[in-house]
Amino acid sequence: MMIASHNLKYVLILFTMMVFTVMLRECSSQSIHASVTNEISKGVELHIHCKSKDTDFGDHTLINGAKFTWNFNINMFFTTLYWCNMSWTNVDGKYVHGSYNMYVARRDWKRCENDFHFYVRKDCVYGYIRKKGAFECVYSWAH
């Protein structure tokens, strides 16, 4: 009885490792495409600086409707992280700024999506949620 229980434990561990390996291979082998689009208002420029631990894309200024894009793969340790610092001045002259983790592997890889689209608007940064089939506020400027 003790031997059977011991063997079952190893079988479960092996099965779990196999499932994890398959999921890892499917998600991490895909190239991820990310984009951020300025939809604040006509005439309002979005200043954006996106980077990861290893890659710095530098400063970009996006006019209304313009898009910044990049591609990447998830690392095997699931520590891939891209964040963007964003700022703009509204029509009243108020300076608005914030930073959002656009892609966090441990949060986002489970969805196994290879397209992450964000729209920066006056009230929030909106990210597309594939399961819901809609954009959702992921970062509010008023926090």
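Which residues have the most contacts inside the largest nonpolar core? The points below start there. The model is predicted.

1. **The core.** The largest nonpolar core has 30 residues. Those with the most contacts inside it are Trp 70, Met 86, Met 102, Tyr 103, Val 120, Val 125 and Trp 141. Strands E1 (32-38), E2, E4, E5, E6 and E7 are the elements that give two or more residues to this core. As a general point, nonpolar side chains in soluble globular proteins tend to be buried together.

2. **Trp 70.** Trp 70 counts as buried, because its relative accessibility is 4% and the cut-off is under 20%. Leaving out residues up to four places away in sequence, Trp 70 touches Ile 32, His 33, Ala 34, Val 36, Cys 50, Phe 57, Tyr 82, Cys 84 and Met 102. Two of these partners, Cys 50 and Cys 84, form a disulfide with each other, taken up in point 6.

3. **Aromatic pairs, starting with Trp 70 and Tyr 82.** The whole structure holds 14 aromatic pairs. In one of them, the ring centres of Trp 70 and Tyr 82 are 5.8 Å apart. Trp 70 sits in strand E4 (residues 67-72) and Tyr 82 in strand E5 (residues 81-89), so the pair ties together parts twelve residues apart in sequence. Tyr 82 is buried too, at 7% relative accessibility.

4. **Tyr 100 and Phe 118.** How are the rings of Tyr 100 and Phe 118 arranged, stacked or edge-to-face? They are edge-to-face, with 65° between the planes and 6.2 Å from centre to centre. The pair links distant parts of the chain: Tyr 100 belongs to strand E6 (residues 95-104), Phe 118 to strand E7 (residues 115-120), and 18 residues separate them. Both rings belong to buried residues. Tyr 100 has 13% relative accessibility, and Phe 118 has 5%.

5. **A cluster, and a charge over a ring.** One aromatic cluster is made up of Phe 57, Phe 68, Trp 70, Phe 72, Tyr 82, Tyr 103 and Phe 116. Another ring has a charged partner. Arg 121 lies over the face of Tyr 126, 5.0 Å from the ring centre.

6. **Disulfide Cys 50 to Cys 84.** How many disulfides does a search of the whole structure find? It finds two. In one, the sulfur atoms of Cys 50 and Cys 84 are 1.9 Å apart. The link is right-handed, with 110° about the S-S bond. Cys 50 lies in strand E2 (residues 46-51) and Cys 84 in strand E5, so the pair ties together parts that are 34 residues apart in sequence. Cys 50 and Cys 84 are both buried.

7. **Disulfide Cys 124 to Cys 137.** Here the S to S distance is 2.2 Å. The torsion about the S-S bond is about -85°, so this disulfide is left-handed. It connects distant parts of the chain, 13 residues apart: Cys 124 in strand E8 (residues 124-129) and Cys 137 in strand E9 (residues 134-140). Cys 124 is buried, with a relative accessible area of 7%, whereas Cys 137 is partly exposed at 32%.

8. **Asp 108.** The side chain of Asp 108 makes a polar contact of 2.9 Å with the side chain of Arg 107. Beyond four places in sequence, Asp 108 touches Met 102, Tyr 103 and Phe 116. Tyr 103 and Phe 116 belong to the aromatic cluster of point 5.

9. **Arg 130.** This residue lies in the loop between E8 and E9. With 42% relative accessibility, Arg 130 counts as partly exposed. Setting aside neighbours within four places in sequence, Arg 130 is in contact with Glu 113 and Asp 115. Arg 130 and Glu 113 are 17 residues apart in sequence, and their C-alpha atoms are 8.0 Å apart in space.

Technical notes:
Residues are numbered from 1 along each chain as its sequence is written. This is a predicted model: local features need pLDDT of at least 70, side-chain atom pairs count only at pLDDT 80 or more; totals for chains, interfaces and linings use all residues. Side-chain values use heavy atoms; hydrogens and water are left out. Rings of Phe, Tyr and Trp (its six-membered ring) pair if their centres lie within 6.5 Å; planes under 30 degrees apart count as stacked, over 60 as edge-to-face and the rest as tilted. Helices (H or I, at least four residues) and strands (E, at least two) are DSSP runs, numbered from the N terminus. Buried means under 20% relative accessible area, exposed over 50%, partly exposed in between (1.4 Å probe, protein chains only). A charge sits over a ring if NZ of Lys or CZ of Arg is within 6 Å of the ring centre and within 35 degrees of the ring normal. A disulfide is a pair of cysteine sulfur atoms within 2.5 Å. A polar contact is a pair of N or O atoms within 3.5 Å; within protein, one must be able to donate a hydrogen and the other to accept it, and residues adjacent in sequence count only if both atoms are side-chain atoms. Contact means heavy atoms within 4.5 Å. A nonpolar core is a set of buried Ala, Val, Leu, Ile, Met, Phe, Trp, Tyr and Cys residues joined through side-chain atoms within 4.5 Å.
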